[in-house]
Structure formats: C-alpha cells, structure tokens
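Reader: I would like a close look at the salt bridges of this model, with the cut-offs spelled out, and then a word on the aromatic contact and the surface around them.

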Amino acid sequence: MSSFDLVVVGAGPGGYVCAIRAAQLGLKTALIDKRHALGGTCLNVGCIPSKALLESSEVFENARLHAAEHGVKLADVALDLETMLARKNGIVKELTDGVGMLMKKNKVTVLQGRGTLTGPGKVTVTGDSGDTEVEAKHICLAMGSEPVQLPFLPFDGELVVSSTEALDFAKVPKKMVVIGAGAVGLELGSVWRRLGADVTVIEMLPTITPFADKQMAKTLQRALAGQGLEFRLSSKVTAGKVLKKSVKLTVEDDKGESEEVSCDKVLVAVGRRPYSDGAGLDSVGLEVDAQGRVVVDDDLRTNVDGIWAIGDLVRGPMLAHKAEDEGMAVAESIAGGAGHVNYDAIPNVVYTEPELAMVGRTDAELKEAGIAFNAGRFQFRANGRAKSLGQQDGMVKILADKETDRVLGVHMVGPRVSELIAEAVVTMEYGGSAEDLARSCHAHPTLSE
C-alpha cells in the first residue's frame, strides 16, 4: 500500500491547487480524480468552456451588429458552430493538459478513479484497472458539486439539460428556456441568444442575480433585456412535459396565474449541490449538514482527525477561486503554517456583457447590520475608455465606512469588470480606504480610473 503525507480527493481548482501547494511545501502528495482529464468541473465543463463560448459568441454578435459602427463593413456574416465548439474544446484540452504537466513538475502522484474513504487515513481508488488502496496522514476532500435537478423535470441530456450539455448543442435552438437567473443561466442564455436563439429566463425571485446588489441587478437586467433576453421574474415552473422534439412547461406567476410555454431546449440552472456520492463519508463518521455539505471549522478541518474539506463541498459561495484559496490554506496548515481565507474579500462575477462583479457587502447588508457608510457611484457612460469601446452600459458603486473610510463593498456592472474587481479586492484585503483607492494614480483613459 502506498503511503502519503496528503491525499487530495478531487482535481478541480481547489484540489489541484491544494496538491501543488502541499508538494511545494515538501509533503508527499497524491491527487485522485475520476476523470482522465484533470481540472474538475471548472476546466472541463464549467468556467473555462463557458467563457470560451461567451467570447466567441460576442465576437459573432459584434461582427454582425456592431462592426459597421466602427466603419468596418462585413458582408455575409455567418455562424460556423462546429468551429466555435472546436475552439472551445481546444482551449479546454490545453488547460487540462497543463494541469497534468504541473502535477509532474511538482512530483504529485496522480491516481485516476473514484476515491472512497474506507477507514482512518485510508482511501480506495476505483479506476479502469481495478482498485488501489492508499493511506495518508491527511486527506483533503475536494469533490466539488453537481447541478440540481427539478424533481418533476429530470435531466435527459437532450431536451432538458444542465450546464454541461448546454456547452455542446449541435445546433442553435430556436426557442430556449432557462430556469434560474444566476450566473450559469445568464451566461449560457447569453451565448445562445447571441447565436440566434429566442431565450426566456424564468426566475422565482423578483430579481436576477439574487446574490448581487439590487441596483446592479436592475442595471444588468436592463442591459440584457435590451439585447433580446426575455425575463419572467417572480415566476416558477411547476410542471413540465417532455415530447419528442420539444418541452411544454407550466409557468406560474406570483399571482397564481399559470400558462404553458413551449420550447425545444430547457436549461435548468437552479443551483448546484455538494457532490459526495460514493465517497464513503459515513464509513468514517463525517458530519454533514442538512444541505449535504461537509461540516468544517474555521481551519477547514472536519470532525474526523486528519480529514479536511474545501470548495463546493463546504459552506460558502460555490466559486472556483474560493476553493483555490481554501486548498492553499489547507496545504499550508498541514505543513505547519498558518493557512487562512478572508471570506470578506472573495469576489463574485457574472460574465455576461456587460459583466457584473462584486466584493464585500451590499448597502442592504450594511443597513441591516447598522453600519453607517458613504456610497460613491460613477456611470460608465461618462468614462472615455468605455465610450471608445462602445460599451457604456453600467456603473461602479463603492461603499465605505462613514467614520474610517475603509472600503466595505464594491459593486460593478460594465465592460471587463471581472478584471477591475481585483483592484477592489486588494484594497479590501489590506484594509484600504476609499481615499487610498482614489489617490492611487490610474492611467488615462482606462476603465479602471
């Protein structure tokens, strides 16, 4: 039986970052994953392929609708979906291969198969060539999450799909319904709307991106509605019937009135749940909460000595970069350091056009907590760089403590704010003030200024 200082189960961003950092710190480390391609959901069927399609679909739409505004006349703009999907797949392969190379470079042992806890410090790996048992002083669980199904409308992979299948439609749907107005629904809805689908987004709550600042959510909704996305808010799908080539949905609004909506694709994007099927959590007595999350303390330790858990498997936002930070913290703690994650400075992004990005608390949260604050706002339509890009939708809001001026939250809707939010994160990480941010010299003209 092979022995390791640390065995990481799950090779998503949290798991592979944890494994690399542990190896760098001198720990003998193994990484287990059921996929042959490392990178987890994020690299294989999540963050990376969806961003590739968002970029490609935006290029297509700009060529079709906006190139002429710049004096560029294009005739017969046509979609080659096969090439677009091939580009996406190529990017995914390059990055997953790159993770494999990082494992070799850092001398991490990679074991392909499903990892199952079988006892204290023991994991059985069930792969293509049978079972292998390994033991470890420490085990980090990083199996991630999976899409939530609607009980009356299960995934069939063809007409009723999760985000995975929505990355690979063989042709553009004529009519597509997206259930759920979070990041996944809005991003993939935007992709197929740009490529020609008629897209309706149905959301049970009265606002899109329910986790976001309400003003930003409304700003983003106006922009997306202007691009052709139809929104049915305060509405829920109560039933669905799958036919040969279409789906009939029963949609009920907040007044209790129902109607039928027909479409040829339904993307169910109502959330994700921790994935721990077959992981043997019960066999070692791991504590799990009502939502299926592994219970951890502030240091990401479980109730079983030597077992840690990170990422979508534990409490907190289901974000790849949050999992990465937690993976680093676990590796450093095991190596005798002081691993730490600042959950108040984790950004959240929706990669539509315009993008939405946020970090810290909203004004509603600050008011509820009784914290006095000042708010500053600036519209992108008054920004020279945004005008030159032809992307003027959106704004930035900065919330700072009324007494100390310390930045408490930053909320943005606009062009490339997924990049701009990092400056706000750094300011908050180091306890900076709004004045510190303002007095830092920014190049002109830029979006960041």
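Author: The answer below starts with the salt bridges and then turns to the aromatic contact and the surface patches.

The model is predicted, so local features need pLDDT of at least 70 and side-chain atom pairs count only at pLDDT 80 or more, while totals for chains, interfaces and linings use all residues. Residues are numbered from 1 along each chain as its sequence is written, and side-chain values use heavy atoms, with hydrogens and water left out.

Side chains of opposite charge can pair when their charged atoms come close. With a salt bridge taken as a side-chain nitrogen of Lys or Arg within 4 Å of a carboxyl oxygen of Asp or Glu, a search of the whole structure finds 17 salt bridges. One of them joins the side chains of Lys 51 and Glu 187, at 3.0 Å from N to O. This pair links distant parts of the chain, with Lys 51 in helix 3 and Glu 187 in helix 5, 136 residues apart; helices (H or I, at least four residues) and strands (E, at least two) are DSSP runs, numbered from the N terminus. For accessibility, buried means under 20% relative accessible area, exposed over 50%, and partly exposed in between, with a 1.4 Å probe and protein chains only. Lys 51 counts as partly exposed because its relative accessibility is 24%, whereas Glu 187 is buried, with a relative accessible area of 6%.

Lys 93 and Asp 97 both lie in helix 4, 4 residues apart, about one turn of the helix, and Asp 97 is partly exposed, with a relative accessible area of 40%. Salt bridges that share partners also join Glu 146, Arg 273 and Asp 277 into one network.

As for aromatic contacts, rings of Phe, Tyr and Trp (its six-membered ring) pair if their centres lie within 6.5 Å, and planes under 30 degrees apart count as stacked, over 60 as edge-to-face and the rest as tilted. By this rule the count comes to 1 aromatic pair. It is the tilted pair of Phe 169 and Trp 192, with 5.0 Å from centre to centre and 40 degrees between the planes. Phe 169 lies in the loop between strand 8 (160–161) and strand 9 (175–179) and Trp 192 in helix 5 (residues 183–194), so the pair ties together parts that are 23 residues apart in sequence. Phe 169 counts as buried at 4% relative accessibility, and Trp 192 counts as buried at 0%.

Among the buried residues is also His 411, at 1% relative accessibility, whose place is in strand 22 (residues 407–414). The C-alpha atoms of His 411 and Arg 361, 50 residues apart along the chain, are separated by 8.9 Å.
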